[in-house]
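Here is a short briefing on a protein model. Look over the sequence and the structure first, then read on by topic.

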There are 2 protein chains.
Amino acid sequence: MLRHKKLKDRGKSVNRSKDLLTVRWENNQVIMIDQTKLPAKLVYVKYRKYEDVARAIERLVVRGAPAIGVAAAFGMSLAAISSKAKNKNSLLKDLKIAYERLRSTRPTAVNLVWALDQIMKVASSKNDLEEMKKSIVLSSLNMATEDISTNKKLGQNGAEMIHNHDVILTHCNAGSLATVAYGTALGVLRAASDMGKNIRVVATETRPVMQGSRLTAFELDHYGIDFSLIPDTAVGHIMSSGLIKRVIVGADRVLKTGHVYNKIGTYQVAALAKRHDIPFYVAAPSSTFDLTSKVSDVIIEERNKNELMKMGNKLLAPRGIKVFNPAFDVTPPELITGIITEKGIIKPPYEDSISKIF
Amino acid sequence: MLRHKKLKDRGKSVNRSKDLLTVRWENNQVIMIDQTKLPAKLVYVKYRKYEDVARAIERLVVRGAPAIGVAAAFGMSLAAISSKAKNKNSLLKDLKIAYERLRSTRPTAVNLVWALDQIMKVASSKNDLEEMKKSIVLSSLNMATEDISTNKKLGQNGAEMIHNHDVILTHCNAGSLATVAYGTALGVLRAASDMGKNIRVVATETRPVMQGSRLTAFELDHYGIDFSLIPDTAVGHIMSSGLIKRVIVGADRVLKTGHVYNKIGTYQVAALAKRHDIPFYVAAPSSTFDLTSKVSDVIIEERNKNELMKMGNKLLAPRGIKVFNPAFDVTPPELITGIITEKGIIKPPYEDSISKIF
């Protein structure tokens, strides 16, 4: 399935079978793919300050719930290393400032808070300053490694339910670029493809930030998986033609009731899949589950209206108009066929099966 | 409801209560608003050759089923005037060449063929060369005038079913810019607003050509009607919030079974409206009805993949990928609450009520 074409990568050639490394730690720096530059250029950016990591998360240099979590943990590592604190309490104070700044970047993805909380717990459990810093860095590195192995397990679990010759629709980007390296929804498709299953993918553009055309298309092209790009307006039409056999998407947060928060447009893709009797799957590692919140507790981030007003140098709408630009929506459990995790595929009724698996 | 702000129009000021004149005939020329330049600039273009009109229809300088019909009729007038034919048969031959060229521009809108056929009938019914030419021009001018009065009647009929304080969702552009001057779906909203009803509109962007953000937003702003723009991905989400009370869209073709061909995305808006128990109306003058074709007969135009690949100077997707870019979809009658025409509102069962009204 994999083609081994060359791709320009800052002058070096890239092996298409190799994972895209979205976010990593090297020489006390965070190195990320700048996703705002894709698909035109594959550029890596380096950060030494946690404030720059926070800004990068806000600007969508890095996005995707699992990738944001690890990026934020690396941000905490930068904060720890650069702290001039002379005792545990003042280091914890510095870490708390970084925690608040990083947590404020994106309100909906649960992995962000999960990762930040993990780091604070590790910090609090040590007493020696150097030991605190070391264990924070080690812990963020472990998170990155675990993200990869978790996604590979998740991919294996999900690939079992992909049939040979399936045409699978996906929305937004839940691939390498949404995680540290392997991907969740796209990880399932990569695993199925690596098992030798012959699959085709239909990717939606995913307005307004175009994660489908910019990122998913870039990844599927990179990994040599056969796909077509469609506008978000063609989802119903292509489903009504009978072409689509399965839908698989990622998640930014899964509640214990089985409600799934994901990129705006996911809910309508799920509702349309239901109408056409197409199985709808969510791929979500357990770090995406929020077992305490109710639907009424979750804030759906609204993003800047400029995402709808302009594209490059092109004005898309008259200046000064009102815009509604929610980043996420919620898909109710009755529209979801199964939730694929690294611990197995969770099936309805979700209250029961989620509480059983955790 | 109407604000009377000034708008830059090539140096002159524009009265916001005045109709936007999408396509008109003046001094043996066709004058159109160049809709590819909106919303950045309101620019008028003039054509003296039918070939240029055909190219303008293909390039979406003019679009919207009723506007295309009248533009094509004006194109036939240009062909008649510029013909060097010395007798009826050779003029008819010249007209047939123009007919074929103009008909080839957009395969789905039925008004185009309807208008072209009308002109050919008029031409055939005369014998004197000058009389043929005069009656073609007169007939195309009548079509333009009739389009306005038809849409005004349609607007009045539709406005009756709009309630005070309704929030109405519309997809694509079925306004002044889709007709000669008044609009179909947006004509209904203008009429309701002129009756003093307090309404709010939610307009979808309508990828890939953005007729919603570029044209509908421009018009609603021009006519001073309160509205918000949303991405196509937020339709399901905003409906699930309970905000939307009604949906109204235009049509490119209505079959006698009540199947409606309209801009890609219409079908899924209708399916989502059904799921949320929101009445879904189609506004379509009788020239949009095709009483002879079946669903299997209608060709859905596929447009160039570049519409998804680029926006202004910005590359949206990796070069060389596969794209599926259908311009229209079909909404089945069971999703449609009513079809608003200049002859009244048609209700299900459509086979019966459509055959009764024609």
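In this predicted model, a hairpin joins β10(A) and β11(A), with 4 residues between the strands. Within that hairpin, A:G258 takes a positive phi near 90°.

**The hairpin and its sheet**

- Strand β10 of chain A covers residues 253–255, and strand β11 of chain A covers residues 260–263. They pair in the antiparallel sense over 2 bridges.
- Which residue stands opposite A:R253 in β11(A)? A:Y261 does.

- Most residues other than glycine have a negative phi, and most peptide bonds are trans. The next points list exceptions.
- A:N27 has a positive phi, near 50°, and is not a glycine. This residue sits in the loop between β3 (23–26) and β4 of chain A.
- A:L38 and A:P39 are joined by a cis peptide bond, with omega about 5°. A:P39 lies in the loop between β4 (29–33) and β5 (44–47) of chain A.
- The bond from A:P348 to A:P349 is also cis. Its omega is near 0°.
- Look for A:P349 in the loop between β19 (344–346) and α11 (350–357) of chain A.

**Helix α5 of chain A**

- Helix α5 of chain A runs over residues 129–159, which is 31 residues.
- How many Å does α5 of chain A reach from its first C-alpha to its last? The span is 45 Å, close to the 45 Å expected at 1.5 Å a residue.
- At the start of α5(A), a side-chain oxygen of A:D128 comes to within 3.2 Å of the backbone nitrogen of A:E130.
- An α-helix has 3.6 residues a turn, so residues three or four places apart point the same way.

- The size of an interface is often given as the accessible area lost when the parts come together.
- Here chain A and chain B bury about 4500 Å² between them. Carbon and sulfur atoms account for 65% of it.
- Three residues, A:T233, A:H237 and A:Q268, supply 15% of the area that chain A buries against chain B. That is more than any other three residues.
- In contact terms, 54 residues of chain A meet 54 residues of chain B.
- The interface holds 4 salt bridges. One of them links A:E205 and B:R207, with the closest N and O atoms 2.5 Å apart.
- Between the two chains, 27 residue pairs are in polar contact.
- Several elements of chain A each supply at least two residues to the side that touches chain B. Among them are α7 (211–223), α8 (235–240), α9 (266–275) and β17 (328–331).
- By class, that side of chain A has 30 nonpolar, 13 polar and 11 charged residues.
- Strand pairing also crosses between the chains: β8(A) pairs with strand β16 (residues 322–323) of chain B. The sense is parallel, over 2 bridges.
- In that pairing, the bridge partner of A:S228 in β16(B) is B:K322.

How values were computed:
Residues numbered from 1 in each chain as written. Chains lettered and ligands numbered in written order. Predicted model: local features only at pLDDT ≥ 70, side-chain atom pairs only at ≥ 80, totals over all residues. Heavy atoms only, no water. Contact = heavy atoms within 4.5 Å. Buried area = accessible area lost by both parts, 1.4 Å probe. Salt bridge = Lys/Arg side-chain N within 4 Å of Asp/Glu carboxyl O. Polar contact = N/O pair within 3.5 Å; in protein donor to acceptor, adjacent residues only side chain to side chain. Nonpolar A, V, L, I, M, F, W, Y, C, P; charged D, E, K, R; others polar. Pairing = 2+ DSSP bridges. Expected span 1.5 Å × (residues − 1).
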